[in-house]
Every structure is written in structure tokens, then in C-alpha cells.
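Subject: Structure handover

Hello,

Here is the structure I promised to pass on. Please open it first, then read my notes below.

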Amino acid sequence: MEKVMPALEQGKIVLCDRFIDSSLAYQGYARGLGMDEVFQINKFAVESCMPDVTLFFDITPKHEREKN
């Protein structure tokens, strides 16, 4: 947040490849730590600054054949 908050205060657009959604998925759900618990910890850490938009790309990666 030390770089995000100043950028937002300057009116800049900030793009993050991971944010609270990742923590909820990996820690809250996958590790079974509890969605609400993980959300509350993250909400405190980000000073309640939440994203305006979250993009989720459900894609299949392209595998290139090995070159001989």
C-alpha cells in the first residue's frame, strides 16, 4: 500500500495482478482459513481501500511444442 495509496491520491490508475481476491481464494478457501477472517485481515492491511473493478480471465494457456 506504500506505493498504491500515493498513486491513487495523485489520481493515477493502479493495476495490480493480485489483491484481496487472491488471498480469499488461496488462504480463505483453499487453505480453509475462513473467508471472513482472511477478508478482515486484508481489509485492515489495505486500510479499507478496495478495488473498483476486478477482472477474472478464465483462459486455457497455449502450450508450444518443443523445438528440436
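How much of the chain is helix and how much is strand over residues 2-65? The answer is 44% helix and 0% strand. The end C-alpha atoms of that stretch are 42 Å apart. Please keep in mind that this is a predicted model.

The range itself comes from a record. UniProt lists residues 2-65 under "domain: Thymidylate kinase-like", in an unreviewed entry.

Overall layout

The chain has three helices and zero strands. Along the sequence, the pattern reads α-α-α.

Of the 68 residues, 18% are buried. The accessible surface comes to about 6,600 Å². Carbon and sulfur atoms account for 54% of that surface. I also looked at contacts between residues at least 6 apart in sequence. Of these, 38% join residues at least 24 apart.

Then the charges. The chain carries 8 positive and 11 negative ones. Their mean positions lie 9 Å apart.

Helix 1 to helix 2

Helix 1 spans 4-9, and a loop links it to helix 2. Asp17 sits in that loop. Is Asp17 buried or exposed? Asp17 counts as exposed, because its relative accessibility is 77% and the cut-off for exposed is over 50%. From Asp17 to Cys49 the distance is 16 Å, C-alpha to C-alpha. In sequence, Asp17 and Cys49 are 32 residues apart.

Helix 2

Helix 2 covers residues 20-30. Which of its residues are buried? They are Ile20, Ser22, Ser23, Leu24 and Gly28. The buried residues of helix 2 pack against helix 3. An α-helix has 3.6 residues a turn, so residues three or four places apart point the same way. After helix 2 comes Gly32, with a positive phi near 70°.

Helix 3 and the segment after it

Helix 3 runs over 35-45. Lys43 is in helix 3. Lys43 is partly exposed, because its relative accessible area is 32%, and that class lies between the 20% and 50% cut-offs. What does Lys43 contact, leaving aside neighbours within four places in sequence? Lys43 is in contact with Ile20 and Ser48. Ala25 is 18 residues from Lys43 along the chain. Their C-alpha atoms are separated by 15 Å.

Met50 lies in the segment after helix 3. Met50 is partly exposed too, with a relative accessible area of 37%. Not counting residues up to four places away in sequence, Met50 touches Ile20 and Phe39. Met50 and Ala25 are 25 residues apart along the chain. Their C-alpha atoms are 16 Å apart.

One residue to look at

Ile20 ties several of these notes together. Ile20 is among the buried residues of helix 2. Lys43 contacts Ile20, and Met50 touches Ile20 as well. I would start the tour of the model there.

Best wishes

Technical notes: Residues are numbered from 1 along each chain as its sequence is written. This is a predicted model: local features need pLDDT of at least 70, side-chain atom pairs count only at pLDDT 80 or more; totals for chains, interfaces and linings use all residues. Side-chain values use heavy atoms; hydrogens and water are left out. Helices (H or I, at least four residues) and strands (E, at least two) are DSSP runs, numbered from the N terminus. Buried means under 20% relative accessible area, exposed over 50%, partly exposed in between (1.4 Å probe, protein chains only). Contact means heavy atoms within 4.5 Å. Accessible areas come from the Shrake-Rupley method with a 1.4 Å probe; for residues, only the protein chains shown count as cover. Lys and Arg count as positive and Asp and Glu as negative; His and the chain ends are not counted. The place of a charge is taken as NZ of Lys, CZ of Arg, CG of Asp or CD of Glu. UniProt positions are given in the numbering used here, feature names are shortened, and annotations may be inferred rather than shown by experiment.
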